[in-house]
Every structure is written in structure tokens, then in C-alpha cells.
Amino acid sequence: MAVLSNCKPERVFHYFEEICNIPHPSYHEEKISAYLVNFAKEHNLEYYTDDLYNVIMIKEASEGMENVSPIILQGHMDMVAEQEPDCKKDMLTEGLDLEVVDGYVTAKGTTLGGDDGIAVAMALALLEDETLKHPRLEVIITVSEEVGMEGAAGIDVSMIQGRKLLNLDSEEEGHFLAGCAGGCRMELEYPAKKEQVKGTLVSVEVNDCTGGHSGTEIDKGRANASYMVNRILAAALEVSDVNLVEFIGGTKDNAIPRATSAKVIVSADAIKAMETEAAAIKNEYAVTDPEMKIDIKSEGDATVDGVDAEDTKRMIQLLSCMPDGIQAMSHDIEGLVETSLNLGILKLTDEGLNFSCALRSSVDSAKAALMRKVTMVGHAFGCKISTHGQYPAWEYKRESTFRDELVALYEEMTGEKALVETLHAGVECGLLASKLPGLDAVSIGPEMHDIHTPKERLGIASTERIYNYVRRVIETSK
């Protein structure tokens, strides 16, 4: 029996479980895309796909709704694939191990992909429902949202007639998202060759940081494991030459790294300085990262391949100078992060130190200034730099008829006040608005927690409420 068979809405969780059984990390969406195309064929829907594996499905209006404005439902099919260190699952080839715990759906040892598999599941349930009275429904499901919105950037939407878009990629029930930050990814490479080095080999590991989404969780002040390891190495540098042997951390640009490790050759007296710095870090982050573990171990004298002392020093200085976390708060909206940077993926290779950063800002000029700052720091240290996946901010509209209708319906159905807000994380509405002039967009979603981490969980009752609300939006469309 299916794990989610007792969860309601039954058809939504039926499709969500099927989606979770299909591996679909970013850049590996071929199978889930084929699944969606097959769904469209089986239900005689008009559909479009492309070389990127984006999928658009269209269901013509039901009788009596032909003259009502079309509704666009939108989400993304890729997920962030993170897992606990002791989890052996191959997320490129295996489905997830779902379980229901205290009213939430979770996945054992891995991320769940409720962001944004639940949007896809809701869309499929709505498209198959022959009892639903609806205008023309246009469902846009994109790829590679989690790595720079590349699917939305490349998709052809020329067949889309609607200008009312309901994006289903939010995580707080009752929050109506009406704007978001723009962003990009910057990759830096500090070139350095390895050579034979000798001395005391020391391993440094930072594990079990809280982590989280680099947009929605960046304001929590959580530790970035890669920066923490670099701080420990910087402390060693004050009392000893350091030779980097290994350095690896983070798996996604838009996830705050939870684990990073390094191996270095140092003099024996550097270990005390590293331990002192580790204790200070643990104290600083006791509230935000109470489960953080820092292990510093001497592996004895060794002769190994490592980076020479001067290049190692420059690498540590480079990371110490790079911006980290919140760069500016909004002057217009209280409590909103305006501009931030997250050091996501870092790895020492035979060619040098490679790392990438996710930059976000709701102000395009501030984003440009931060990009310039990263570029200047990188060039000052001799880095090669490239920029990828730029996407525009989704600017807040002071007047929105569609948003007003959605808020009024929500408050009528629930008796609760809806919260209209903008968000520091990115959603695809800005890119789609650039392709669909006059687009009126709102983003909503069911309750989710700890997305992009193995603690991710999706509220079952919240999913039912949001699904019923979306049905009502469609049925009462004007």
C-alpha cells in the first residue's frame, strides 16, 4: 500500500508519491518530464515540451466557462537533493523513502522535494478532475529552478493566452507573495597546482549545521559550514604556514552549507589555535546551530600532495574577504532582506580552489553593485570569474485586481487575514512576466518547513486547505 494513501486530498498525494518515486534533482529532470508528458497524453491534453525538458499542459475551458479569462498554474519539477551524511541513497537513481510523522510528510535521510513537487501534484490532480468547472487551464512546469531558473529563462510561452498566474512555490500558508528578489550565480576559480608537502596532517570537519534555503533562511544568521572551516584555517595561519590538501563543502548554491571538511599540513602548535577558534564558533552559533559539530584531528606526520604555503595563504585570505550572508536590509519593507550572498559549493581540485556564490537582491542596482564587489575581490586575488543564471526581480505591483480577488476569497473561506508580502528568495514570476506582458501573478503554497535540508516536511492538512482554495479560485474565476 502506498505510504501516503491515507493523506487527503487523496489524488494530490497519489501524484506527489509518484513524483517522489522518480529521481528529479536539478539537471536530471528527464524522467519526471517524460512522466508529465505521458500524463498529458493519457488525459488528451494539449502539451508542449522542449530540449530543456520544460512541460506545458493546456486543458480547454469546461462548458459555460469558455469566455472566462484563462488561469495559469505554475511550478517547477526539479528538487534540491540533499541528504544526511550517513544516508546511502543515490538520489540520481532512487526514489525517496516517504513517511508520515505528526501530520507532516517527510523523507527518511533526504530532502523531500515538496519544493516544488507539491505544486506539480496539485496541478495534475486539478487537470484530471472532470467535475471541476474551469476556464482554460494553462499549466507551466519548468526545470532547473533551483539552480538559477534556467527552465523559466529558456521556455517558450508563446502559446499561453492567460495573464493571471498562480505560482504554487511558496511555503507559508496564508502568505500571498507579490514580489521577489532577482539573482544570479557567480563562479570563481583561484588557480594553484599541488606539490609534495610535509608536516603534521590535520583534518577539520564542520558538520550538522542547520543550513536551509539561502533566500528564505538567510535572515536566520545560521552558520555557513565552509566559512567556519575557513575561519579555523585562518586561525592556524596566524601561527603556522598552512598547506591545503583537501577542501570540500556544500552541494547547492541556494542551500546554506551544512557540512564542510578540509585537510591541511601545519606545524603541531597550530592545532591549539584551531581548537580555540572552533570553541569560539560553537559559542557564537549556539542558538542558530545547536547541533553543529566541529572535529579537529591530527593524523600525524605525513608527506602528501598539497598546495604550497603562499597559495594556501591567498586562498584563505580570499575566502575571508568574500561577502557572506545579509548585505543590506530593505528600506521600504520592514524586516525584508534586500541583498545577500551565499557561498554554496566549494572544492579544491588539482587546478585550484573552485567555489560558487548565489547572489540575491530586490534592487537591481544593489545586485549589480554586489556582483561588482565579488568581481573586484576575485580579481584582486587573481581568480577566474564567470556569471550564470541571471534572473530579474519580480517587482511588486501596488495595484493588482487578481491579487485583490485572491485575498478576498481566502479571507472569505478561512475567516483569517491574508498577508501580502514580498520575499528575498527567487520565484519564476519575474522571468515569466518578462515573457508575458501584462502578467498579474501571485505565489502561494502549503505549509513547509526546513526546505533544502533533510529535515524538510510538508503539512498534510495545510496541503488540503490550499488545494481546496485553488479549486475555488478556478471555479469562481471571472
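**Cavities in the model**

A: Searching the whole structure gives 2 cavities of 30 Å³ or more. On a 1 Å grid over the protein atoms alone, a cavity is a set of points where a 1.4 Å probe fits but cannot get out, and lining residues have an atom within 4 Å of a point. Points are joined across faces, edges and corners, and a volume is the space filled by probe spheres set on the points. This is a predicted model, in which local features need pLDDT of at least 70 and side-chain atom pairs pLDDT 80 or more, while totals for chains, interfaces and linings use all residues. Residues are numbered from 1 along each chain as its sequence is written, and side-chain values use heavy atoms, without hydrogens and water.

The largest cavity has a volume of about 280 Å³. Its lining comprises 26 residues, of which Glu 145, Glu 146, Asn 254, Arg 360 and Tyr 391 are the closest to its centre. Strands (DSSP runs of E, at least two residues, numbered from the N terminus) contribute as well: β9 (182–191), β18 (352–361) and β19 (384–391) each supply at least two lining residues. Because domain 1 (10–181 + 394–476) and domain 2 (183–391) both give residues to the lining, the largest cavity lies between them; the domain bounds come from an automatic or database assignment.

The second largest cavity holds about 40 Å³ of space. Among the residues that line the second largest cavity are Cys 20, His 24, Met 79 and Glu 94.

Terms used. 1 Å grid on protein atoms, 1.4 Å probe; cavity = no way out; pocket = protein on both sides within 12 Å on 5 of 7 lines; lining within 4 Å. Helix = DSSP H or I, 4+ residues; strand = E, 2+ residues; numbered from the N terminus.
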